[in-house]
Structure formats: structure tokens, C-alpha cells
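Below are a few numbered points to read with the structure open beside you.

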Amino acid sequence: MRKLILLFVVACVAILLIVSCGPRKESLKSAGQVLAKRTEQGQQMTNPFDKGWEQMPVYSAQLKLQDITEPKLATPGVASMDVRAVFDDQWLVLRLDWPDSTQDTIAVPSKFSDAAAVEFPTVIGSDVPDAKMGKDQKPVQIVQWKAVWQTKMDGGMSTHSLYPNAAIDHYPPEAAKDSASRQLLERQYAPAWNAGNLNAHPTSAAKAYVAEGFGSLTPVDGLEAKGQGEWKSGHWYVTITQRLPVSNASSPLRPGQRTYMALAAWDGSAGDVGSRKMRTPWIPFLMESQTKLATP
Amino acid sequence: MARVYNWQLGREMSYWYAGNRPKRQWAAVFDINKCIACQTCTLACKTTWTSGRGQEYMFWNNVETKPYGFYPMAWDVRLLDMLQAQQWNNGHYDGQTIFEAAPAGERVLGFRPEERDYSYPNVGEDDVYGNVDKGAYFTPPHAAWMFYLARICNHCTYPACLASCPRGSIYKRPEDGIVLIDQNRCQGYQECVRACPYKKTFFNPSTGTSEKCIACYPKIEQGLQPQCFENCIGKIRVQGWINTPEQAQEDNPIDYLVHIRKLALPLYPQYGLEPNVYYIPPIHTPNEFLIQLFGPRAPEAAREYLKAREDRKLSGLLSLLGCTTKTISYFAVKGDKAIAYDDQRQPTVEVPITEPTFIRPDFDSVREVIRQNTP
Ligand code: SF4
Ligand code: SF4
Ligand code: SF4
């Protein structure tokens, strides 16, 4: 009998161990707000599977349809997203994860990429702009990660990667005599690249923008942003990293300052793109402080 | 939505933005009866503008054989099906446009072709089946028929591509009405691909943006006709400027063919975009099909065209098609000559309305050879 009890206890411990080692560990739930923890290793935690994430409080956000402006999303997609956050002196890193049964990492005619975005107000205080992309004179700051940018940076969006059997005689830049003139021609034959559109030539899998209302999303050069995502067993794990402002007096993104954040997600397979997305309203956001908290 | 006036429908209609016609509107006339489907236009555009990465599948200019040719697959019949049967009433369109028929949550009624729908341009569309009775091809309309439809962007007065872009990345130039996609602003949402009923915007996977026919604007700005016009072997095309019907001018070639003689008609006017490429309909095609493509005036236009030979001014103007690289802003017919003029009313080309006939003996006594009658 004692042997049986021992066996039972060992089995229970084993099951518990297996469950806790799965890809989705249950972490501390953070109710009511996203709490960014200070860490010395902010930079290292850009890996979405960094062990450190397991220690961080998690906020489970519920997303709803963008059904305010046309074109709207007709059918609900990504319904929930878990968010964790850390920061150091220079960087704010957010780890987002959400269920998505399809991995959409390219964008070709009629096929769209999975993506996610985080949004912050640019002003301190409770009189924040609208979470629905801000408002005229009341901008919001957005960082978006797209799976396709990651693919592009890894060289996976070239014609030969997308269509391995394609027969292509020649592209005009290939006639160039040297690499400088070839580079010039490559740009010339890619008008969006030539026009400075980062979509054509991403330098990172995440981009920073400002917006002052629907349709006004504009890239900001000054704000450095990075993204890294991995799809595993029907789940996206993504980090979005943005540089914190150096002089942070007027920025809501500083330790101890209560502010807000919002999230958005796109499921490429469902045709989500642009304003066809799932989104959250403002969620209280706080970067922890050793000192007394500032109220919004 | 705003209310705008669409003269092709003879009524006001709903549009995403308020009406704002450009200073002048780029326009073109294509004479379908002369097209030989040589695809020189397609290649002229391709080699000029779309030989880069990600543009492999794009044909800003394409020529398809109607009724069974499509690029992309089923581009027109699929939307006609979505729009369902609609009514014209005495030259007025009583039906719904694609703006008015937009489902809840959408700006425009449309669909996005699948990638494979672009994969088979011109495959199998010229195959003829069945017999044609002796003599049946002398009197139009024909029982067995087909024609070549050359298509470019229509630089529409009310572009669906422009209306659909949630970022406002598409604009219509105030100086000439040419519709362009801002390549810096476009984020590749492909909303314009879904919305354009003519499927003349294309997503470039390499740049992550959508691209379209630019009406060869660098040439237009120099008073030159676009590449696909200049290189047209069949001489079916003319590019110029169109006024609204009440401001039509007799000496403006586009106004004359479209408004005054009502010979050239828009493609699928019922969609409501006021497209600005006008077609002289084929003379041998059954009326039902002509009306579906070009509106209720199409059978009459085809009949008028058959009589063009007897009309000096009309045949004069038609003989100017494909005879100059310059944009034809004005024209005149004097005696047996048709003359084209540029914007400054300077003559750019003069052509005989009837080509002189030369009869040569079959034996060339100078070279001591028998001439072959090769065209
Ligand atoms: S034809 Fe299509 S792409 Fe061209 S202006 Fe009209 S709607 Fe836009
Ligand atoms: S007008 Fe110019 S850009 Fe447009 S289809 Fe013709 S050649 Fe191409
Ligand atoms: S070049 Fe002219 S004749 Fe030849 S296919 Fe094009 S439109 Fe037709």
C-alpha cells in the first residue's frame, strides 16, 4: 500500500513537471494593468523564449473587432493576447503571445502576414488621445511587428524563395558593371524602395509610427524599434522592443508614471490587414519604480 | 458618402469623397475593331515599367480576347455576378454602382483575385469551336465572334482604388487627372486591388506596396503619348483630354469621338467610376454583350462606325490614330488631310484621309525581276 501511495505521488509530481515545462507556462497574473519590471538585461530579453519572461507578471488582454471605420473587420479573429513587459535604462521590451493556428509569414497577392502592434499615448495624464489610432493634435505612438518583415530580412521574400520553380531570364540591375551601379538600379526598379518606404526594405521586423487618427499612421525615423517573433505549436511569441526616450520628463514612458497601452493583432490567413484588425481599448500601463508612484 | 455627378450614368451617385474634377482630365480612345492582339503594347509597358522584382506577374497593359479571356481570371464576370442584374432606363442608369452596393463595413463592392488568377493570361482564349456557316461573317452581328480588348488603368474620375485606401495613399493629380499610388505612403494593404473593378492595381510582394499604370506621366508632361500608345502596331489608340459633355469641343479629338459623335464608350460604366479610356465597340458582336460591356449606346455606336467611311471629319480623325508620338489636343480636317495639333495648337502631323493607290507592273524592267505582292 505504501508503495502504491509513493507511486501515486511520484506520478503526480511528474505530471505537474510536464505541464509546467510546456511552451505556455502560467506566470503571475497581473490584474488591471500591464506592469513592466525593471531588469538589468532588457536587451537580452528580446528573445521571446528567454527564461526571464517566466518570472514576469502577465496581463491577459481581450481584443475586439475594429468595427468603427471602413474597411472594418467582419469576423472576430485573435480574441486574446498575453502581454509581459520589462525595461532597463535604454529599452522597453514587451513580450506578446497569442494563439494563432496558422503561421502567415509572407505577403503576396491576396495573402497577408500575421502582425501585432503596441500603442502608447504621447502625453502624460489621463486626458489621453483616443486608443483608436489617436486624434488630430493628439498623437499616439505605435510600434508594429510584422512576420513578413522578419521573413524579408531573412531573405525569404525573394522571387526564388517564394517560387522556387520560377524561370527568370534576367532582372535589369543584373546588367550593372559594379556593385554601386547595381545597387542604384535595384532601387530604381523598386519605386517604393527608392521613395524611402521601409516596407520595401525593412531594417527591422518592427517599425515605430505616430498616428493622429485613422489612416494617419506615419513612420518615425527617430524612434528605434526591434521585433522578434517565433511561431510554435499554434501560438505566436513575439517581442517588441523600443528605445526609451533619453530626456524623459515629458514622456509617459518613464518609471513610476502611470499611463496606458493598447494592443492590436492581425491574422493573415483571415485576410486581416490595415484597419481589418482586432484591438483593445486603453489598458493601464506602469513601469515599476523604486520611488513613490506618480499619478496620471 | 458624398454625392457627385457622373455624366456616364446621367445621374448623381454616392462616392467616398466630394467631387473635385481636375483642371483637365487625361483620356484615351481605343478602336477595338483595329486591334490585332499583337501584344506590342503589353511588352512596351512591361519593358518600360514592370521588369523589376515582384513585378513578374504584372501587366499594367494587357490584351485579352473576349468573351472568354480574362486577366486576372474572371475579373469582370465575377463582379457582375456580385452586383447582379441592374437596369438602364433611357440612357440613365437606374441600378446600383459598386459604391452604392458596398456591403456594411466596406467602402466598395469588390473582391481580391487569388494569386493563381493572374497565372494564365491569354491561355486558350482564342480557341474557336463550332462551324461558321458560309457567308455568315459578312453581316454583323456574327453568330460566332470574338474580339480583342486592350486594357490599361482608366484613370477614373471617381477611382475605386482611391476611395478604398484607408491611408489615403492614392491620389488623382489635379493638373491632369492621372491616378497614382504614393510609393512612400502605401503600406500594401491591397484594399485597392480588392476595390478596382478593372483589377488594374497590383500588389508587389518584393516592395510590399501596390503598383499601377502611371499613364506614362513623364511622357505626358512632355506632350508625348504613352508607351503603349506610341508602340501600338494596329494604330488603335489616341491619347488626349476629355471635357464634361456640356463643355465638349468640336476640335478636341476625345470630345468629338465621345461626346459629339458618341462613338467611343466607357468600359463597364455601370460600376460608377466614370472611367476615361473610351472604346469604339466591335462591329460584329451581339448587342447583349456590347450593352453589358459598354452601356446601352453600344449597338448604335457600332452602327455609326460602319458608316464612318462616308464621313470626312470622322474618317479623318480616325486616320490620325497611331500617326504621331505627340498628344493630340486638337485636330482639324482640311480637304483630304487630317491634321493633329498640340496644346499650343501647333501642327504635329498631317495625314491623308485616303491613302493614294499606286499600281505597279508586275515586271520590274529596271531590275529585271518579277515583283511579289507581299504586304
Ligand atoms: S481603373 Fe482601377 S486602378 Fe485605375 S483609376 Fe480606376 S479604379 Fe483606380
Ligand atoms: S500608359 Fe504607360 S504605364 Fe500605363 S499601361 Fe500604358 S505604357 Fe503602361
Ligand atoms: S499594340 Fe495595339 S494592336 Fe497590338 S495588341 Fe496592343 S492595342 Fe492591339
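**Notes on the model**

1. Starting with charged pairs: over all chains, the count comes to 35 salt bridges, taking a salt bridge as a side-chain nitrogen of Lys or Arg within 4 Å of a carboxyl oxygen of Asp or Glu. Please bear in mind that this is a predicted model, in which local features need pLDDT of at least 70 and side-chain atom pairs count only at pLDDT 80 or more, while totals for chains, interfaces and linings use all residues. Residues are numbered from 1 along each chain as its sequence is written, chains are lettered from A in the order in which they are written, and side-chain values use heavy atoms, with hydrogens and water left out.

2. One salt bridge to look up within chain A joins A:Glu224 and A:Arg243, with the closest N and O atoms 3.0 Å apart. The two residues are 19 apart in the chain and link distant parts of it: A:Glu224 sits in the loop between β9 (218-219) and β10 (225-231) of chain A, and A:Arg243 in strand β11 (residues 235-243) of chain A. Helices (H or I, at least four residues) and strands (E, at least two) are DSSP runs, numbered from the N terminus.

3. Now to the interface. Chain A brings 39 residues to the contact and chain B brings 35 residues, where contact means heavy atoms within 4.5 Å. About 3,100 Å² is buried between chain A and chain B, and carbon and sulfur atoms give 46% of that area. Buried area here is the accessible area (1.4 Å probe) that two parts lose on being put together, summed over both. Of the area that chain A buries against chain B, 18% comes from A:Glu70, A:Pro109 and A:Ser110, more than from any other three residues.

4. Four salt bridges cross the interface of chain A and chain B. A:Lys111 forms a salt bridge with B:Glu115, the closest N and O atoms being 3.9 Å apart. On the side of chain A that touches chain B, the elements giving two or more residues are α3 (159-162), α4 (179-188), α5 (191-194) and β8 (206-211) of chain A.

5. Finally, have a look at a sheet in chain B. Four strands form an open sheet with mixed pairing, in the order β12-β3-β14-β13; two strands pair if DSSP finds at least two bridges between them. Its edge strands, β12 (237-242) and β13 (265-266) of chain B, each pair on one side only. Strands β3 (residues 25-31) and β14 (residues 277-280) of chain B are parallel, paired over four bridges, and B:Asp31 stands opposite B:Ile280 in β14(B).
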